[in-house]
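Here are my notes on this model, as numbered points. Please read them with the structure open beside you.

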Amino acid sequence: MTGWDDVLGLTDQSIPVTDHDELFVVASVTERTAVIDYVQDWFGGDDGRSALRLVVDGADCGVLHRSDAYALVSPSDRGGLGAGDHSTLPGYSVAYELLTLRCPQPGCRVRGVAVSYDADDPPACSLHHMPMRIDA
Ligand SMILES: [Zn+2]
């Protein structure tokens, strides 16, 4: 149970893991605003990005497609995609530090971004099930 089950309801569980998955590692307690902001920014940052795999509390929750990610935002939530630095708007109170992760397996192109990272239980590559390392 999360505060953003509607996001998880949009994911596609039928997509097999690949060696170039992009993971979004997040805890179920993360605020809905932060989750949606990150997803929007990620898709908005590169038109070539089409799918983002959600890993919630260490569990693979399927892939969010670009079209579904955009459907999450209503015009009243924000001024539209790319409408400036929304992080300074009132109401956005919690700043999450994002960590970039990579799989230690040579040749594996799986990448991840984590808003929640437990050093004792790091997120694993969806393909190799090896703990991912922070990409400094
Ligand atoms: Zn891997």
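1. Start with Ala-27, which sits in the loop between β1 and α2. Helices (H or I, at least four residues) and strands (E, at least two) are DSSP runs, numbered from the N terminus. A residue is buried if 20 or more other C-beta atoms lie within 10 Å of its own, exposed if 12 or fewer, and partly exposed in between; the C-beta atoms are placed from the backbone.

2. A word on the source. This is a predicted model: local features need pLDDT of at least 70, side-chain atom pairs count only at pLDDT 80 or more, and totals for chains, interfaces and linings use all residues. Residues are numbered from 1 along each chain as its sequence is written.

3. Which residues does Ala-27 touch, not counting those up to four places away in sequence? They are Asp-57 and Ser-116. Contact means that two C-beta atoms, placed from the backbone, lie within 7 Å. Ala-114 is 87 residues from Ala-27 along the chain, yet their C-alpha atoms are separated by 8.9 Å. Across the protein chain, of the contacts with a separation of 6 or more, 66% are between residues 24 or more positions apart.

4. Now the overall plan. The protein chain has 3 helices and 6 strands. From the N terminus on, the order is α-β-α-β-β-α-β-β-β. The 6 strands form an open sheet, ordered β3-β2-β1-β5-β4-β6, with mixed pairing. Its edge strands are β3 and β6 (133–134), each pairing on one side only. Two strands pair if DSSP finds at least two bridges between them.

5. Look at β1 and its two partners. β1 pairs with β2 in the parallel sense over 4 bridges. The chain crosses from β1 through α2 to β2, and this β-α-β crossover is right-handed. That term means that, with the strands pointing away from the viewer, the path from the first strand over the helix to the second runs clockwise. β1 also runs parallel to β5 (residues 111–114), joined by 4 bridges. Val-25 has Val-55 as its bridge partner in β2, and Val-25 stands opposite Ala-114 in β5.

6. β2 and β3 run antiparallel, joined by 5 bridges. Val-55 has Asp-60 as its bridge partner in β3. The two strands form a hairpin with 2 residues between them, and Asp-57 in the turn has a positive phi of about 55°. β2 is mostly covered, with 5 of its 6 residues buried.

7. Next, α2. Which of its residues are buried? They are Val-35, Val-39 and Phe-43. These residues lie on the same side of α2 because they cover an arc of only 50° around the axis. The arc is that of the directions from the helix axis to the C-beta atoms. The buried residues of α2 pack against α1 (5–8), β1, β2, β3 and α3 (66–71).

8. Last, the core. The largest nonpolar core has 22 residues, and Phe-24, Val-25 and Leu-54 have the most contacts inside it. Such a core is a set of buried Ala, Val, Leu, Ile, Met, Phe, Trp, Tyr and Cys residues joined through C-beta atoms within 7 Å. β1 (22–26), α2 (32–45), β2 (51–56) and β3 (59–65) each give two or more residues to this core. Beyond its neighbours within four places in sequence, Phe-24 is in contact with residues including Tyr-38, Leu-54 and Val-113.
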